[in-house]
Amino acid sequence: MGGFYTASGRPGKLIFLLSFLPPFPILSILYTRLNGGIMNKGSLLIHNGHELDPATGALGVTVYQTSTFYRKDMTGKQTQEFDYSRGGNPTRKALEETIAILEGGAKGYAFGSGMAAISSVIGLLATGDHIIAPQDIYGGSWVIMDTFYKRWGLELTLVDTADPENIRKAIKPNTKALYLESPSNPLLKITDLKACLGIAREAGLLSIVDNTFMTPYLQRPIELGADVVVHSATKFLGGHSDVISGLAVTKTAELGQRLYAVQNSFGAVPGPWDTWLVIRGIKTLKVRLETQQATAKRVAEWLLTHKNVTNVYYPGLENHPGAEVHRSQSSGPGAMLSFKTKTTEQALNFYSRIKLAAAAPSLGGVESIASYPVKMSHVAMAPAERERLGITDTLVRIAIGLEDADDLIADFDQALS
Ligand SMILES: *Cc1c(COP(=O)(O)O)cnc(C)c1O
């Protein structure tokens with residue numbers, strides 16, 4: 001329990017008392033169960049050591065809306081856990097420990113956005129280092145590596161990670177990191193994470209996986225061999241389209257120490273309220289994702305039958321080329337899908353006619369969201385490059401929300417016909 005002191009330098013009465021009591025019994029029972037690995041992943045979303053505020057017993061984590069903490073001792077003899085909120089805050093700590101437990105890593109770190117998390121992790125690399133990333137990497141991650149970090153001497157090679165051999169071929173003497181996403185955005189291409197992460201380990205590379213589309217509820221990259229997992233917590237983890245946030249988890253405590261140095265000095269940290277929103281969102285991840293995934297399967301199957309749809313991309317469809325690999329590394333196909341219409345006009349009409357899905361960027365909210373990759377996530381990419389990757393003007397990406405499947409299908413039908 002962190003020391004909470006009053007301005008007089010004496011512990012607050014309640015906290016003072018609590019510090020002599022054994023921790024709340026429910027807490028210790030849960031920790032024991034956790035350490036024994038008995039709990040299933042759904043329970044873990046709720047019971048991960050942060051179901052009670054240690055200071056008051058409140059059911060849930062408190063928002064510690066503070067920038068700084070009373071310094072008990074100026075001699076430097078006594079250390080204290082919290083000092084200044086850029087370096088650490090109790091609300092943020094709860095989220096950081098939660099995501100570390102969920103991903104099966106040693107240390108978790110929270111950031112002000114997914115891009116802040118990704119940028120901070122890339123900040124582990126040095127001038128002259130070479131990184132290999134997927135050619136269909138999230139647009140923002142590509143921009144930060146190809147512009148900002150390029151100016152600082154980072155070398156980037158984009159490869160088609162659907163074939164792990166392309167990674168082996170791209171490794172050079174200065175290659176230091178491998179960055180992966182599976183399924184990819186927006187075409188839901190599957191990368192064999194285990195095979196690719198194995199190649200990274202053999203070559204001594206730092207391996208990073210963006211797990212935003214799957215969340216630890218469906219896929220746990222550290223178990224598949226990743227060193228670092230990153231998230232846009234803005235999406236499924238937050239889950240309500242009301243917060244921008246990012247997370248990173250390291251496999252080892254040593255790597256965590258290095259990332260903590262970046263987090264604390266770079267300072268791209270989230271505020272306590274945003275942190276709390278993500279903590280709250282995570283509690284309902286199972287019910288949201290299970291429902292969204294079941295609806296996504298139905299919508300994908302229905303889209304296959306539509307006369308104005310030429311292609312459907314969803315890893316839960318048997319005809320998806322990566323379906324088998326995806327099944328081997330995750331416990332479900334998720335709630336993201338995309339499709340192509342016959343003509344550009346049909347795609348544009350779809351966005352203007354849909355009523356239930358919001359035409360917007362982002363994903364993972366309770367409402368379905370339809371985004372237009374050529375004008376949103378991939379707008380910064382040269383048109384010829386987009387065309388080469390199959391990101392065409394006819395491509396529609398849908399993040400399935402919590403509406404009833406029948407209503408979504410009826411809405412999409414009127415928008416497509
Ligand atoms: C949204 C997203 C990001 C960036 O996260 P922000 O929270 O928007 O900064 C990174 N990766 C993927 C796969 C995303 O969908």
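Predicted model: local features only at pLDDT ≥ 70, side-chain atom pairs only at ≥ 80, totals over all residues.
**The seven-stranded sheet**

I began with the strand order and traced an open sheet of seven strands, β1-β7-β6-β5-β4-β2-β3, with mixed pairing.

Strands β5 (residues 206-210) and β6 (residues 228-232) run parallel and are joined by three bridges. Taking V209 as my example, I found V229 as its bridge partner in β6.

Then I turned to the helices. Helix α6 (residues 139-151) packs on the sheet and touches β2 (130-134), β3 and β4 (175-181). The direction of α6 makes about 145 degrees with that of β3. Helix α8 (residues 193-202) packs on the sheet too, touching β4 and β5. For α8 I noted an angle of about 170 degrees with the direction of β4.

**Strand β9**

How many of the residues in β9 (residues 336-341) are buried? I counted six of six. In a regular strand, side chains alternate between the two faces of the sheet, so I checked each side. M336, S338 and K340 are buried on one side, and L337, F339 and T341 are buried on the other.

I then followed the pairing. β9 pairs with β8 (residues 309-313) in the antiparallel sense over four bridges, and five bridges join β9 to β12 (residues 395-399), also antiparallel.

Note on methods:
Residues numbered from 1 in each chain as written. Heavy atoms only, no water. Pairing = 2+ DSSP bridges. Helix = DSSP H or I, 4+ residues; strand = E, 2+ residues; numbered from the N terminus. Contact = heavy atoms within 4.5 Å. Axes fitted to C-alpha atoms, helices over the stretch in contact; angles between N-to-C directions. Buried < 20%, exposed > 50% of the residue type's maximum accessible area, 1.4 Å probe, protein only.
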